[in-house]
Each structure stands twice: as C-alpha cells, then as structure tokens.
Amino acid sequence: MKISDIEVILLRQKEAIQAIGDSTQDAVIIKVHTDEGITGIGEVASSPYVVEAIVNAPLSKYLCCGLKQICLGKDPLEIEKIWQEMYEQSSWFGLRGAGIHAMSGIDMALWDIKGKYLGQPVYKLLGGAFHQKIRAYASTLFPDNAKEIAPIVHNYVQQGFTAIKFGWGKFGQILQDDIQMVQEARKASGENILLMIDAGGNYKDVTLALQQAKNLEKYNVYFFEEPFPPDELSALAKLAQSSPIRIATGERYSTRYQFEDLILKGKVDIIQPDVGRVGGISEFMKVAFIAQQHNIPCIPHAWSSDVLLASTLHVNAVIPNGGILQEFCVSEKPLRKELAKEPIQQKNGYITIPKKPGLGIELNEETVETFRIK
Ligand SMILES: [Mg+2]
C-alpha cells in the first residue's frame, strides 16, 4: 500500500471569526489517501491556512520540504519511519510549532489507515486500553460577568457532567473579579463537582499567580491551568513549587523535547498535550511516557471537532498515567458538534472510547461541504 495523495480541508464558520479563546470557529482536516482505497482522517489544532501551506509547499532546499511531497509513495503502515522523515526533512521551518502541528494531522490519519487496514481500533494498536470510558469534564469559556456563571454550571450538571472547567476570557486581569467568578461557580456546583480553572496564560507575575492559587484552594479547585505564557518556564517552576493546588499546562507545546523542558524546568504537576499539535498520536505517546517516568499525570487537551476528540480518547485510554479526565469542549458551534456522522456524546459524565476500526470516527461530508473554504 502506498500514500497516493494528501488533502487539506479548510473549514470556517459562516460568522466572522472572533479573537476569543474558542478554537471551534474554524478547523483543518487532513485526509491521507492510499492506492488501495483506504483513506485516513486526521485533524490539526492550529491555523488552517498555515497548515495548508506546510503540507502543500514544494521542496525548497535540503531539509526544507512540504509534508505532502515527503509522504507521497510511502507505505502508510510505516508510521514511525514517516514521522522521522517528515520531522527531519521539514526541519528548516518545522521542529516546533506549526511544522509539528501539521505533522500531527498526517500522523493521526496514518493511525486511522493502519486501524482500518487491520480492522482494529487504534487503542488496540497502541497496546490496549486501561479504560473503556473516561470521565469527561465540560470545558467552557468564562462568561463576562460572575452573575452568568450559576446557570452555566447548573446546565452542565443537569447534562450529567461531574467535572467542569472555566477558562480564558478576562480571568487573570483583576484578582477580585476572578475570585468572584470562582466563588459563584463553587456555590452553584456544590462540593461534589470537580472544578478547574484555566487562566489562558494571562499572568505576568508569579506573586499574583500564587495569591490566586491560594484563593483557588479555598474553593477546592482541582487544577490551575496555564497561568503563564508558554515560554515562562521559570515562572511556572516557582509557582508549581509553592502552589497549594496542582499546576497544569501543555496545550501550546509540541514534541517530546518541549515537554521534557516543561517537566524538568517548568516542574508542572499535570501535562496537557494536544494530539493535534504535539506531533500526533505517535509523539503524544512518547510525551506521555516521559511524564510517566516523572510520576506526572497526563490530562490531554482537546478543543475542536470529534476527529481530534476521537484521537484523544484512544491515547488517553492507553497511557498508564492517563484516563483520569477527558476534556470535552461544550461549544455549540457546528464545527464542534456536526463534523462527525455520529457525534461523540457524554453519558452520565463519561465518554466511551470508539471501538470501530481506526479512529472510529467518520466525517459528516454534508457539514464538510457546508463549511469548506473553496
Ligand atoms: Mg487551556
């Protein structure tokens, strides 16, 4: 079997894109086609236009080649070899960031092909699932006003969720406003709901972030996510060493190399790699095992369509330091909810790992056609 084509599908909501922390406003799907008629799908959690350029760029010079040209004609079952070849031959512009994001979608699609070819779900190919279902947490953005929090919490609890995370928005700007938000959330949820807070990298000051961590402890917050921008590893380490609650981050990092730094220098308590950015399923596994060596749990990030969520469920189920929680983006946007033929649902706060061959997810081609940028 040989890779015969790679298709980059750009999707965008009809409304204007807003500068808010909502990555379900657009999406980029990768289809890897083979000469035997099997097609694998993957998703990249990045800028769709940048990803398109990285996949389709022709050879520019040695070690400076677009991903499609590197992959064409290769045996799609040789995933590790293809990963290394993409990594090396795109290293002029790749190595981290968007280059690795784009590789993630191709890697995911190759795992989908392998599963479909062998008639097995990806979690089996990866070594076997420790969990058949994982506790989901409703992941949503902070509203503008603390008064709006209670109905949001009640809604997710009513849907069956036992864990909720609020993130981004104005959190991290005015300490008193932040405290009010968290206070309202805890008041509405009661004591039995797991509550998490994501600062979206908004803090510039370790002292202030530590003060916030101490406040969050009062409301029994399970983890405090991404307090600082990604390069602030020494700030992270200072906070993590004094914080009374767990510090989590990882969605903006790619490859085992960045995660090793995050673990050793950033000293975080929980890592949150995104399969659509870290380097795909193959690289996610390596990152998770590095974390396991340091006794660090892995709670993967996922805030896009069901293609990303399906991939995430497979890896979350098979890693020994996973299966704790699965981020479940509760955005009502069509690219979040309607891109799969059979959308992944939570039931009583849990999501079941897909069992069909490959990633176990099929695209709803009508939705693709509706939102595709031609
Ligand atoms: Mg986050």
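What span should the 15 residues of helix α7 have at 1.5 Å a residue, and how far apart are its end C-alpha atoms?

**Entry 1: length of α7.** I worked from a predicted model. I took helix α7 as residues 175-189. At 1.5 Å a residue, α7 should span 21 Å, and I found its end C-alpha atoms 21 Å apart, so the two values agree.

**Entry 2: the sides of α7.** I then looked up which residues of α7 are buried, and I noted D178, M181, V182, E184, A185 and S189. These residues lie on the same side of α7, because they cover an arc of only 155° around the axis. On the face turned away from that buried side, I recorded L175, Q176 and K187 as exposed.

**Entry 3: what covers the buried side.** I next asked which elements cover the buried residues of α7. Among the helices, I listed α6 (149-159) and α8 (206-218). The cover also includes the strands β5 (163-167), β6 (194-198) and β7 (221-225).

**Entry 4: α6 against α7.** I examined the packing of α6 and α7 and noted an angle of about 40°, with the axes 8 Å apart. From α6, the contact is made by I149, A150, V153, H154 and V157. From α7, the contact is made by M181, E184, A185, A188 and S189.

**Entry 5: after the helix.** Finally, I checked what follows α7 and found G190, whose phi is positive, near 80°.

Conventions: Residues are numbered from 1 along each chain as its sequence is written. This is a predicted model: local features need pLDDT of at least 70, side-chain atom pairs count only at pLDDT 80 or more; totals for chains, interfaces and linings use all residues. Helices (H or I, at least four residues) and strands (E, at least two) are DSSP runs, numbered from the N terminus. The expected span of a helix is 1.5 Å times one less than its number of residues. A residue is buried if 20 or more other C-beta atoms lie within 10 Å of its own, exposed if 12 or fewer, and partly exposed in between; C-beta atoms are placed from the backbone. The arc is that of the directions from the helix axis to the C-beta atoms. Two residues are in contact if their C-beta atoms, placed from the backbone, lie within 7 Å. Axes are lines fitted to C-alpha atoms, for helices over the stretch in contact, and angles run from 0 to 180 degrees between N-to-C directions.
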